[in-house]
Amino acid sequence: NAYAIKADKTVDSVCPYCGVGCQLTYHVKDNTIVRVEGRDGPANHERLCVKGRFGFDYVSNPQRLTKPLIRRADAPKHAEFKVDPLKWDEVFREATWEEALDYAANGLKKVRDTVGPSALAGFGSAKGSNEEAYLFQKLVRTGFGTNNVDHCTRLCHASSVVALLEGVGSGAVSNQVSDVEFAEVIFLIGSNPTSNHPVAATWIKNATRRGAKLIVADPRKTEIARHAWRNLQFTADTDVALLNAMIYTILEENLCDPEFIRTRTTGFEALKENSKGFSPEVMGPICGIPAETIRECARAYATSKASIILWGMGISQHVHGTDNARCLIALTLMTGQIGKPGSGLHPLRGQNNVQGASDAGLIPMMYPDYQRVDNPDAIARFEKFWNRTLDHKPGLTVVEIMDAACEGKIRGMYVMGENPAMSDPNAHHAREGLANLDCLVVQDIFLTETAYLADVVLPASAWPEKTGTVTNTDRMVQMGRRALDMPGDARQDLIIIQQLANRLGCGWDYKGPESGVAEVYDEMRRAMNNITGITWDRVEAQSSVTYPCRTEDDPGQSVVFVDAFPTKDGKARFVPADLIPANERPDAEYPFVLITGRQLEHWHTGSMTRRASVLDALEPQAVCSIHPLDLDAIGAVAGDTITVASRRGEIALVARVDDGTPRQTVFIPFAFYEAAANQLTNPALDPFGKIAEVKYCAVKVSKGGTR
Ligand code: SF4
């Protein structure tokens, strides 16, 4: 009984999983976490979900990396390579830190100096701290000499961020999740928060209890639909049709806010023009939603005193992801439902620090604080700030980097805390790219599927083993504190980045406790106007401060866009969207639609949660959710093995009956190596956000298969 164990110490920190950013306390005995309790943080008020409360013992899993590893000269390196944690020493030999760091740096340097900086790339992590993200992108930009640096935001909300930056001038949320308390209407689309943002879901459910109308729009009927005033289980891939029908209704029924449109926006005429032809009566049959229901929802949204929109990957992970988000932004602008408590836009961020990593410049087209790498003023500023000549053209994104690796154009990579062999679309192709590299350096806490293809593996620190800040979906900069010592020879990520950087000629000298983390943060603060007022000491003292925060006595702004938008003219911009179909539609050969996503108990590629004993016990194997009538039609029953195949691969996994999954559709979480959903997914990209369409591709389903 964990509650009977008397801890040696308690350490206050933040949950390492989702973007909600729940504050928690580790109870530690003999350098082991024995239990976790929720703290009274602004995002969670003592609440935790199953991952935050029970998903901590991955830290002490015997598979933790404890020594640097170098690939044996005769070890095979190919995309089909099978992971066997017990036989790692057939692939790698142990090395000293000096040898491994020299080997890694020399491999990267050789590519840089012989092929050129643009043949290098780096994937940083949204699982690490802000300081790690900042130093990682600084290393790639100043040490490698390229903007080829990205991270999982490219598989997450990149399309939302593009739409938000062009529409309202800022890629972050306008209102915090807790603002649902002030909303009369909550429009939740393409999101399953009960699984993916569980504590955020509790605030939404609480709001419905006090009378808020919840409109849920999702092709799958998920748990939160039980709390909905209207549940729109629309046909997958018809988001723009549904949202434009709502826009049409608001225009036709004169439910706009003309004063807001006149004083705060531009481009309304183009939206009006575009909306012709999108009547609910025409779009309803396309979306599978009755016209009158669409009209009811549009009226409720437009006429309430305060309406808020929250969305997830169901919006962003499409070839029309940016268009989906443009429609959501148009809804808020035409009705004036933004810039006040309970009214606004909230893309629910996935990873615990995807907001912070993006803010810190871990993206190929932006320096820290979203300053474009091709903007002469920004270039001049950062060349002076970092004392280096910088690459002036935007770098490649995640999927583009993998394509370039397959083509031999990217020859060396540094991957910190990401697992593209599992997380990238068309995973076999991604693994081919990784296997094709002259030099792959992987820094992680486990020998992940990606690490198995590395030339050098650097054993890193888990979240409870380091101190640093993270920024949650609400724009709260929060403090994570070190609770444990690292196992074996594992090192702090911030130290490893610095040691590698200095071998590449960066000449950094960050001093101070915890690998100089406070000095790195202070440098970030000088580079990023939004957090100027948030000193290290302030985060340390308050545990959480919201940006924008420009001075040290600024309390931070929880609601933004109150008087103006952060655009050149202070106005927001309507960008109309037309119908663009999914890149790969079902046909006679592949008649089903595959939707991928997460489940409550497992996090992304499973490297942490599948090594957390409670979570692994709750969901130990890969499952495929399928409608009972579809399962019956292939002659199978719940628990049978079924095979799901696309044009890119096939996987066998256990069938789980789910009447919330629509007919001719399957849902598969992407956490399971032995049945990796991303072996099936389509790498077709949204042209603006460069995000892959992992929420929709054509598959076929049959009974049987080998698991
Ligand atoms: Fe952690 Fe998210 Fe769960 Fe909170 S809701 S405990 S941040 S996984």
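Student: Which glutamate forms a salt bridge with arginine 503, and what does the pair tie together?

Tutor: Side chains of opposite charge can pair when their charged atoms come close. A salt bridge is taken here as a side-chain nitrogen of Lys or Arg within 4 Å of a carboxyl oxygen of Asp or Glu. Arginine 503 forms such a bridge with glutamate 98, and their closest N and O atoms are 3.1 Å apart. Because arginine 503 lies in helix α19 and glutamate 98 in helix α2, the pair ties together parts that are 405 residues apart in sequence. Please keep in mind that this is a predicted model, in which local features need pLDDT of at least 70 and side-chain atom pairs count only at pLDDT 80 or more, whereas totals for chains, interfaces and linings use all residues. Residues are numbered from 1 along each chain as its sequence is written, and side-chain values use heavy atoms, with hydrogens and water left out.

Student: How many salt bridges does the rule give, and is aspartate 455 buried or exposed?

Tutor: The count comes to 47 salt bridges. One of them joins aspartate 455 to lysine 77, with the closest N and O atoms 2.8 Å apart; aspartate 455 lies in the loop between β17 and β18 and lysine 77 in the loop between β4 (69-71) and β5 (92-94), so this pair ties together parts that are 378 residues apart in sequence. For accessibility, buried means under 20% relative accessible area, exposed over 50%, and partly exposed in between, with a 1.4 Å probe and protein chains only. Aspartate 455, at 12% relative accessibility, therefore counts as buried, while lysine 77, at 22%, is partly exposed.

Student: What does helix α19 pack against?

Tutor: Helices (H or I, at least four residues) and strands (E, at least two) are DSSP runs, numbered from the N terminus, and contact means heavy atoms within 4.5 Å. In α19, which spans residues 493-503, the buried residues are Asp493, Leu494, Ile496, Ile497, Gln498, Leu500 and Ala501. The buried residues of this helix pack against α2 (97-114), α3 (130-144), β16, β17, β18 (456-459) and α20 (513-527). Just after α19, glycine 505 takes a positive phi of about 90°.

Student: Where does leucine 594 lie, and which residues does it touch?

Tutor: Leucine 594 is placed in strand β23 (residues 592-597) and is buried, its relative accessible area being 0%. If residues up to four places away in sequence are not counted, leucine 594 touches Val666, Ile668, Ala677, Leu680, Thr681, Lys695, Tyr696, Cys697 and Val699.

Student: How are the rings of phenylalanine 382 and tryptophan 386 arranged?

Tutor: Rings of Phe, Tyr and Trp (its six-membered ring) pair if their centres lie within 6.5 Å; planes under 30 degrees apart count as stacked, over 60 as edge-to-face and the rest as tilted. By this rule there are 14 aromatic pairs. The rings of phenylalanine 382 and tryptophan 386 have centres 4.8 Å apart and planes at 50°, so the pair is tilted. Both residues lie in helix α15 (residues 376-386), four residues apart, about one turn of the helix, and both phenylalanine 382 and tryptophan 386 are buried. Together with Tyr134, Tyr367 and Phe385, phenylalanine 382 and tryptophan 386 form one aromatic cluster.
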